[in-house]
Amino acid sequence: MLRIRNLDAGYGSLTVLRRVSIHVKPGEIVAIVGANGAGKSTLLKTIVGLVRPRAGEVLFEGTDVSRTPTEAIVRAGCSLVPEGRQVFADMTVWENLLLGAHVQRGKGGRAGLQADLDRICGLFPVLAERRRQLAGTLSGGEQQMLAMGRALMAHPRLLMLDEPSMGLAPLIVRDIFDIVVRISAAGSTVLLVEQNARSALKVAHRGYVLETGTITMQGTSEELLANRDVQRAYLGKDANEESERGAP
Amino acid sequence: MSAAPPAYWQPDGECMDREELEQLQLERLQATLVRTWRNVPFYRRRFDEIGFDPEGLRTLADIQRLPFTTKADLIQSYPYGMYAVPLRDVVRLHASGGTGSAAIVMAYSRNDIKTWSNLMARMLVAGGVTKDDVVQITFNYGLLAGAFGVHYGAERLGASVIPTSSGNTKRQLKIMQDYKTTVLVSTPGYALHLAEVARDAGLGPGSFSLRVGMLGGEPWSEEVRREIEERLHLIAIDNYGLSELLGPGIAGECTEKNGLHVNEDHFLVEVIDPVTLKPVPPGQVGELVMTSLTKEAFPLVRYRTRDLSAILPGACPCGRTLVRVRRLLGRSDDMIIIRGVTVHPSAVDTVLRDILGSVPDYQIFVERPGTLDEATLHIHVSGSLFFDEMKLQTGFIDKVRRRLSSELGVTFEVKLVGPRPGDGSPGGITSKVVDLRRK
C-alpha cells in the first residue's frame, strides 16, 4: 500500500529525515515510535505532500506521489489526522465532519453522505450526541475523535495518525487506541506515529523506531516490545529497575 | 480426520513477492548497519576506515562497498568484541570450535532465539515434518548450536522431541524403535553409521518408523543421499546452517529437493569469487557470503562462510519465493592455486567419479621443494573401494594422472594409500587439501 525508499526531508537547511525506508501493507496497523523531535511528524507530512522530499521515493499504491499535491494525495485515499487534532473550533461537530467529506463531493450524493455520517457515528457515538456543539467546546479526547471522524469521511484507504494520544488522560488514550483497532477492522490501513510507544505497539502489527531522523530498528510489535533497547529507551524500563526486580 | 498439514510455517515470510522482499531486506539492512556502527566497535572501526557512512546505503547492491567479515575477525574479537547488545541482554552463548584452539563465542538475545525457532520450524515444515512427528535429535547438545536450533524449531512446530544427543548408537536405535521415531536429525555420516549398526544388529529398515531425515553439518553427495534413503527408508532432506551466523535454520531443502531455500528475509546472500572477491553472476559457483538482517546480539555483515555454492535460477514448484542455492560443493578454503592454476576439489571429484563410478576419499598435498609447486593426489582406499581391483587395473594411476592433467591443467603424482585415521567419524570434516607451501 505504502512503500518509502531512502526518503530525505527537512525544512530549509535543516535535515530532519535521513534515508528513511518503510512500508505498510494493506490491512496493517504500523506504528512509528521515537522521541520528540525524531522526525515522526515530518515523515507523515512528507507522505501526504505537506513537506517536499529532497530525495527518495514515496509510492502510494504503486504510484510515486513525492511530487503530487496534497489534495490529490488525499483524493487518492491517503488521509492525515494532524498532531493536536486541529479541528475548526468555531464550527459545529457536524460541520467539521461535512468538511471531511469534501473530497468525496459528487460521489454517492446525499444518501452517501448520510451513510458516511452514520458510519462515523457508529464508531464515535459521542459525536452524534454533540453534533450541534461547537468543536472548540469538546474535550481533548472528543476533539481527537472528531479529527479522526473527519478524516474517515474521505474514505481513506490509508489513515495516518500523528500522536493521537498526545495530551489525553490514560483512560481516553485506551479508548482512542481501541477505536484505531476498529478502524483497521473496518478495512482501513493505519500508519500512526506515537511517543507513547507501549500503547502504539500494543495495537500495531509492526513498528519502526525512528531516532534522530534515522530508522534504527524495525520488526513485529511483539519483537520491539521484547527488545531491551526499546524497553530502556521508550517503555520506561531502565536497567536499575530491572536489576532491582531481579534481586532476591 | 485431521486437516492437511500446513505447507509453510510462515507464508508471509516464505512466499513474499520479490519486490516486497527486497523492500524488507533494504529496511532491515539499513537498520542493521546503523545499529552495528553504533553498537559494535569492530564495525565502527571497519566502516570508519573506509569512510562508509552507515546511513549512506541506499540499495542492496551498495553492500558491495563494505568489507568482509571473516572467521579471523571473530577470533580476534573474542570474547565480546562483536556483541551489539550488553551482556545482560544476552540469554544464550554458543561456541564454535573453529580451527585449532581459537574459539568463537556467539550471543543470542531473547528475540534471536525466537527468530531462530521460527526459521528452523520453516525448514522442518519445508522438509515435510509436521506436529505429529517424533523428532530424534542426535546432534551434540553442548556449546555447539546445532542441536538447540533444531530442538527449538521442532518444539515450536509442536512435534515430539527426543533429545538423545550424540553417541551411544545402540541406545539411539532402541529409542528409535521403542518410541517410533519418525524424523531423524543427524549428520549424513551418522545416518549411515546408524544404518550400519542397525544392520549388524539384524535390524532392517522395517524395524523403524522413520519418514524424514533432516540432515546437515557436512557436505554430502546425491549418492550418499540415495544410500541413506534406501537403507533407512526415509526421505533425506539437506539443511544448511553455520554457527557463526545462527546455527541451523539459514537454508534448507523443501521436499522438491532441488536446492536449499535461503531464509532471505533474515539473511542477505551473496556469492563471490573467493579469489577476486568480486560477485559472480547468478548460477556460477562461488563462496557464500551472508549478512544477518534481524540478529540483535551478534549481527554479522558480509560474513565469508567459505562454503561453495551457487544461486539457482527459476522458481520452485513448492511456492516459496525464497531463492535457492545449490547443495554445498565444498569449502573455498580447499580451493588452491597450483603453478598458477586454480584447482577445486570438486573438479577432482568429477574426474574420479568418471573413472571409478564414485568418489573415493582423497587428499591433495601441495609442496614447493624448489621453485615450482608439486602436487600429489593421495587416494585413500578402503574395503568398499575394491582396492585389489584397482591395483589390478593396469594403468589406473596413469589414467587418473592423464585425465587430471588434461581437464585441470595440473600434473599430479597419484598414489594409492590406506584409509585416513579417524575417517568415518560422524560430523568430522577433514580438509581435502593440505598445502605444505605456507611456512
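How many residues of domain 1 of chain B are in contact with domain 2 of chain B, and how many residues of domain 2 do they meet?

Guide: The model is a predicted one, and within it twelve residues of domain 1 of chain B are in contact with eleven residues of domain 2 of chain B. The division behind that count places 11-15 + 92-331 in domain 1 and 335-435 in domain 2 of chain B, and the centres of these two domains, taken over C-alpha atoms, are separated by 29 Å. On the side of domain 1 that touches domain 2 in chain B, the largest share comes from helix α8 (residues 188-200) of chain B, which supplies three residues. That side of domain 1 of chain B divides by class into six polar, four nonpolar and two charged residues.

Turning to domain 2 of chain B, which covers 335-435, one can look at a pair of helices, α10 (residues 345-356) and α12 (residues 396-408) of chain B, whose axes come within 10 Å and cross at roughly 140°. Angles over 145 degrees would count as roughly antiparallel, whereas α10(B) and α12(B) are therefore oblique to each other. The crossing of α10(B) and α12(B) is right-handed. From α10(B), the residues A347(B), V348(B), V351(B) and I355(B) take part, and they meet K399(B), V400(B), R403(B), L404(B), E407(B) and L408(B) of α12(B). Sorted by class, this contact between α10(B) and α12(B) holds seven nonpolar and three charged residues, and no polar ones.

Chain B also has a partner: 15 residues of chain B are in contact with 17 residues of chain A. On the chain A side of that contact, β1 (2-11), β2 (14-24), β10 (214-220) and α9 (221-226) each supply at least two residues, and the residues of that side divide into seven polar, six charged and four nonpolar.

One of these elements, β10 of chain A, also belongs to an open sheet of six strands with mixed pairing, in the order β6-β7-β8-β3-β9-β10 (chain A). In that sheet β10(A) is an edge strand, as is β6 (78-81) of chain A, each pairing on one side only. Strand β9 (residues 206-211) of chain A runs antiparallel to β10(A) and is joined to it by six bridges, with R206(A) standing opposite T220(A) in β10(A).

How values were computed: Residues numbered from 1 in each chain as written. Chains lettered and ligands numbered in written order. Predicted model: local features only at pLDDT ≥ 70, side-chain atom pairs only at ≥ 80, totals over all residues. Contact = placed C-beta atoms within 7 Å. Helix = DSSP H or I, 4+ residues; strand = E, 2+ residues; numbered from the N terminus. Nonpolar A, V, L, I, M, F, W, Y, C, P; charged D, E, K, R; others polar. Axes fitted to C-alpha atoms, helices over the stretch in contact; angles between N-to-C directions. Parallel < 35°, antiparallel > 145°, perpendicular 65-115°, else oblique. Left-handed = near helix turned anticlockwise from the far one by under 90°. Domains from an automatic or database assignment. Pairing = 2+ DSSP bridges.
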